[in-house]
Amino acid sequence: MTVLVNFLQTLRVGEPQAFENLTVFPLIGTQFQEPGYLLLDEALAHGLIEVREVSEAGSVNEVLVINKSDLPVLLMDGEILTGAKQNRVVNASILVAAHIALKIPVSCVEQGRWRYVAEKFTDSRRFSYARLRAQKSAQVAESLHAFRAFSADQSAIWDEVERKQREMGAESPTGAVNRVYESHEEKLKKYCAAFSPLEGQVGAAVFINGCFVCLDAFDSPVTLHKLYTKMIESYALDALEQAGRDKKEPENSAAEQLLEKIAAARVARYPSVGLGEDLRIKAEGLVGSCLALDGRVIHLAIFAREDRETERRSGPLSRPSRRRRARL
C-alpha cells in the first residue's frame, strides 16, 4: 500500500462550510504528528531563510533559497514570492534541508518587470489561485515525464495571468498577478472571514458552483492552521471570477468520492528538488502532486484537470531553457 493511499485512509470528511458560491469540505486527520519544519512565511519573518536571485543577472525560472535554520523549511506549490527582479510562483512543494543553499524551480507571474525592487524576495503572503496552479501542475508533470525537470510552460502561465487580469478587471503595468488580489481585497476578506479551520483539520476539498476545483492537505493541523487564510483567499479569487454563474451545491458525498478517486489514481515517482519524493498523480479529470518524506505525506495538492486543448493552447511542451527571460 502506497504512502498516498495510507494517508488518504487517515482522513475523515467533515461537514461542509459554504459562503456565496464557494464550498469547502474540511478534511480531518485521525493520525498526525508535529511538522518538524518551518513554513516559508515564518522563516522569512524570523530571518532564518533568504530567497534571492541565483545571480546578479538572475534566471527567470530559478531562484536561490538559503536556509539558515536548524530545521527544514517548506515552500509550497503555488506560493507567490514577491520582490527581487520579478515576482515568481513556486513550481512544486519543496522541503529545503537545514543549513543549505538550494536552487528551486519557479515561474514568473510578473511579466513586465525585470529589475530589482529589493535585493531579496521579501514575503510570500499569497498562494496563486487554483486555475493557475492546476495548469502549472499539469505542465510540470509533463516536463518531469519528458525531461526529469520541474519546469512549467512560461508562455502559458503569462497568458493565464493576463486572462485572469482581463476577466477580473485588474490589469497591472507589470502584469503582476498580485494586482488581481489587491483589486478585490475587500471581497476576498469577506470570504476569508466566513471560513474557519476545525480542530484536527489537515486539509480542504474545494468546490465552486458545485464543481470540484482543488484539494490541499498536509501532514499536520499546525501547518493547515497557519496557512488557512492564505489558502481560502486563493480559492475565493476563483470563486469571485465565477460569481453570477449557475450556483449549485456539491453533493454531500462529493468529497468522499473524490478521495476514493485519488486513491485509485496513477502515480509517478520522482526525486524531489529538496528532501523526499515528488509523486505526480493523474486520474480522469484530475491532476496533482504529493511531497512525501519517510513514509509521510507532507503536502498533497489535487486539481480539476482542464481539457488538453486548454492546457496546451500555447503549443507542444518544449525542452526547458535556462536562458529564457521575461517579455518586457
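What is the relative accessible area of Lys189, and is Lys189 buried or partly exposed? I looked it up: Lys189 is partly exposed at 46%, where buried means under 20% relative accessible area, exposed over 50%, and partly exposed in between, with a 1.4 Å probe and protein chains only.

A note on the ground rules. I am working with a predicted model, where local features need pLDDT of at least 70, side-chain atom pairs count only at pLDDT 80 or more, and totals for chains, interfaces and linings use all residues. Residues are numbered from 1 along each chain as its sequence is written, and side-chain values use heavy atoms, leaving out hydrogens and water.

Next I searched the whole structure for salt bridges (a side-chain nitrogen of Lys or Arg within 4 Å of a carboxyl oxygen of Asp or Glu) and got 24.

Lys189 pairs with Glu186, with closest N and O atoms 3.6 Å apart. I find both in helix α6 (residues 185-193), three residues apart, about one turn of the helix; helices here are DSSP runs of H or I, at least four residues, numbered from the N terminus. Glu186 is exposed, at 53%.

Then I turned to Glu160, which bridges to Arg131 at 3.3 Å. This pair links distant parts of the chain, Glu160 in helix α4 (residues 154-167) and Arg131 in helix α3 (residues 130-147), 29 residues apart. Glu160 is buried at 0%, while Arg131 is partly exposed at 28%.

My last pair was Arg163 and Glu241, at 2.6 Å from N to O. Arg163 sits in helix α4 and Glu241 in helix α7 (residues 221-241), 78 residues apart. I noted Arg163 as buried at 12% and Glu241 as buried at 16%.

Notes. Helix = DSSP H or I, 4+ residues; strand = E, 2+ residues; numbered from the N terminus.
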